[in-house]
Amino acid sequence: MSLELLPQPTLRTESDYPFCPGCGHGPVLDALNEALVNLELAPHEVVIVSDIGCSGLSDQYFTTSAFHGLHGRSITYATGIKLIRPDLTVVVIMGDGGTGIGGAHLLSAARRNIGITVLVLNNFNFGMTGGQHSTTTPEGFLTPTTPAGNLEHPLDICATVGVNGAAYSYRGTSFDDDLPDRIAEGITTAGFAILDVWDLCTAYFVRNNKFSRRQIDSTMEALGLESGVLYRNDRPEFASAYRKLAEGQHPGLRVKTVESAAPVLLDTRRHLVVAGSAGGRVRSAARLVSLAAMRSGWWSAQRDDYPITVKSGHSVSEVIISPDEIHYSGVDKPDVLVVVSDDGLGKSGPYLESMDSGGVVYAAAGLDLPRTEAKVVTVDPASAETRIPSASLALAMVASAIHHTGLVSFESFEATAGEGSFGDKNLELVAVGTSLATS
Amino acid sequence: MPVDWETATRGPTITETASIQRETIQREFTDGATAIVRGALDAGCDFFAGYPITPASPILMMMLRDLPARGGVGMQGEDEIASIGMCIGAAMTGARVMTASAGPGLSLYSENIGMAIMGEVPIVIVDVQRLGPSTGAATTTAQGDVQFVRWGTAGGFPIIALAPSTVAECYTLTMKAFDLAERFRCPVFVMADKELALTMRSVDPSRYMPVDVRDRDVVDPADTNPPPEYRYDPPEDVVPIQLFGGSHPVRFTGSTHDQQAFITKKPSIVGALNDHLIRKITDHLDEISMVDADLDDAAETLLISYGVTAGSMREAVVAARAEGTRVSALTIHSLWPVPEPAIMSAAIGVSRVVVAELNPGLYTREIERVLPHVEILSIARTDGVLISPDQLHEVIK
């Protein structure tokens, strides 16, 4: 009888780690391997997403799937993977450098509570590029970029994600015996888990600061930081919650066509500009003209212009109606310009300048119009039997202009205005508009 | 001038119904952003991530509204970097992905565009161009990113960029972008602009020409003895993609890598890899090249344009021909790689080429490179105003 040793299960490759003697990364990766083995995960069920830096070399020493991306962005790739395949175990391995440059991703992943596990190999400096200080370098410590001592306060990774919704956060060191269990705990936690593991960079941080295992502990104490599982938040995991929320949602996109129900002859292209104020329903009044033109069998285009503060300032809509397809959507010279308010007048200068005696301006009474070669028609809103609210004046004035000029078929305009849930209200305004006194 | 202002205060002038009752026509009143979204969904896009930015935000909002109900995932990232990062992760896990932004956001995509090139990731990136530089003017149109998309990441390696010039082409070329992304495993840009994306237009729905988007060529996920992730021989070949989540582990890297995606600096391997990244695209120009050539054998002038400015060019050509001017026009739909044979062919016999674009003459330099012996006039505008048909008509009279 012979004794055969069964091979120990492992997700490690046969290659030795490339890390410096005494570097803490190797022991942490061994702990990760032990955790994955204990969880009985197969290589293809695990995706290790590695960041950049010494920690970024890690994925090459595992037999699992691996994604080696850009510096600080590993959490974003991991999120994309998890969103598509929530069943995969996605582990991010990053350094303290990655938590700094990718800080926004760290925060957002915690807030989303996306079900990935982030292992931070935190050795307080950029080990791959020469030992420069990072977001976790404690105050006073020496690095090549803080030659007189670091002035910045170190980032408390666990508290940052912990108060922002992460399901699990743990702080420990590469010397902790229970690290495999804690990593397994993070992985089996449904939401976002982070393990901030402090370790030694023997190439730089140890050398520059006579730093040691003992000083890891004393530094933690001096900063008033604790170790162990520090924060737990019982919140739904994002990828599952998203799918659950998606049930019962309906697509909003559909093709809604306008029928040329009442074809009318049009000889040439026409341009209308409606210039008013934000909140004055300028765009919807202009849109009725565009749709009315389509109802008449014409082509139309509409360009709306308004400031980014959408509820204040001007609102200008340019409408082109055409017997043939419109390939150029600029309005260089309006045939009809409707000026509803002072805000609109402020944007009408170039239009008024371009218009000649063939053009017509419909201006609300009381506006101080500059000289123009166009015919000016003053529309008096006060002549209406009931007061026209400012949010309705654009439609009333457009109705007046269309009624008088025949820019589009008035019948098509009326039919279009009467459609939809605002139809009755619109038709009232159209009637008011056509009755307004003009001079 | 259609308005009879003599009667302008008297009453309706146009009530005459067309004597020949045409067949009833159905047209949609919509914009390029909507057409891009529709194209993406029809192409099978099931993952979108983006960050709000004018004038690309409507695409973000429509995708996030429509994807969940279709079984897809739509994310608003914490920034553009996260958005494209999520897309890349999702693409390598089997999703058809798209993101959309404008110039400022494209700047933040830059490093990940390089990674998508290096890792050979199929991804569609919509650039709704606005006037720059910097924040520029968010609601002002421009075509200033045409060189930026080509050279916007370190290394100088090729990408593919398509430029629709109508709303219907926004639909068709977005679908085409997905097809090319699958075919070549690389970032494919859809170059729209504020005017095309947000100006509402009546559109004949029959003009939405669907594209047959090929299925992703993947290594069988059940294959327990798969080929290596990457292969560079012959250099122009694109090999099936290996996705996360199958029955074997898969490796991906943004570093120079060997066939198994392990980091290497060995010159023979790195040289083969980078040669492959170039030649898989440049050797297949014929599969990518798309132009609309409206040529007149007797033309002395050839107009060249793309995107929204091609619309002005079309109207200028109609006006010029109506006067008896012989003129040719070339709309370039595939900006990158430059469709050189199509440009050279269109320029045969002309003595002058006019290139119209809303930037400081950025694509003109490509035309100058392709046509070194022809007089080339650049009509370039950077004041946020469209080049008008009149402006072009003046030049070709």
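Guide: Before we look around, one definition: a residue is buried if 20 or more other C-beta atoms lie within 10 Å of its own, exposed if 12 or fewer, and partly exposed in between, with C-beta atoms placed from the backbone. This is a predicted model, in which local features need pLDDT of at least 70 and side-chain atom pairs count only at pLDDT 80 or more, while totals for chains, interfaces and linings use all residues. Residues are numbered from 1 along each chain as its sequence is written, and chains are lettered from A and ligands numbered from 1 in the order in which they are written.

Visitor: So is N113(A) buried or exposed?

Guide: N113(A) counts as buried, because it has 27 C-beta neighbours inside 10 Å. Its phi is near 60°, which is a positive value in a residue other than glycine.

Visitor: And where does N113(A) sit?

Guide: N113(A) belongs to the loop between helix 4 (103–112) and strand 4 (117–122) of chain A; helices (H or I, at least four residues) and strands (E, at least two) are DSSP runs, numbered from the N terminus.

Visitor: What about the phi of F124(A)?

Guide: F124(A) is not a glycine either, yet its phi is positive, at about 70°. This residue lies in the loop between strand 4 and strand 5 (125–126) of chain A, and F124(A) counts as buried because 29 C-beta neighbours lie inside 10 Å.

Visitor: Switching topic, what is the strand order in the open sheet of eight strands?

Guide: The order is 9(A)-7(A)-8(A)-4(A)-3(A)-1(A)-2(A)-10(B), with mixed pairing, where two strands pair if DSSP finds at least two bridges between them. The edge strands, each pairing on one side only, are strand 9 (228–232) of chain A and strand 10 (251–253) of chain B.

Visitor: How many bridges join strand 7 of chain A to strand 8 of chain A?

Guide: Six bridges join strand 7 (residues 168–173) to strand 8 (residues 193–198) in chain A, and these two strands run parallel. Within this pairing, S169(A) stands opposite I194(A) of strand 8.

Visitor: Okay, which domains does chain A have?

Guide: The assignment gives domain 1 (25–246) and domain 2 (270–438) for chain A, and such bounds come from an automatic or database domain assignment. The C-alpha centres of these two domains of chain A lie 60 Å apart.
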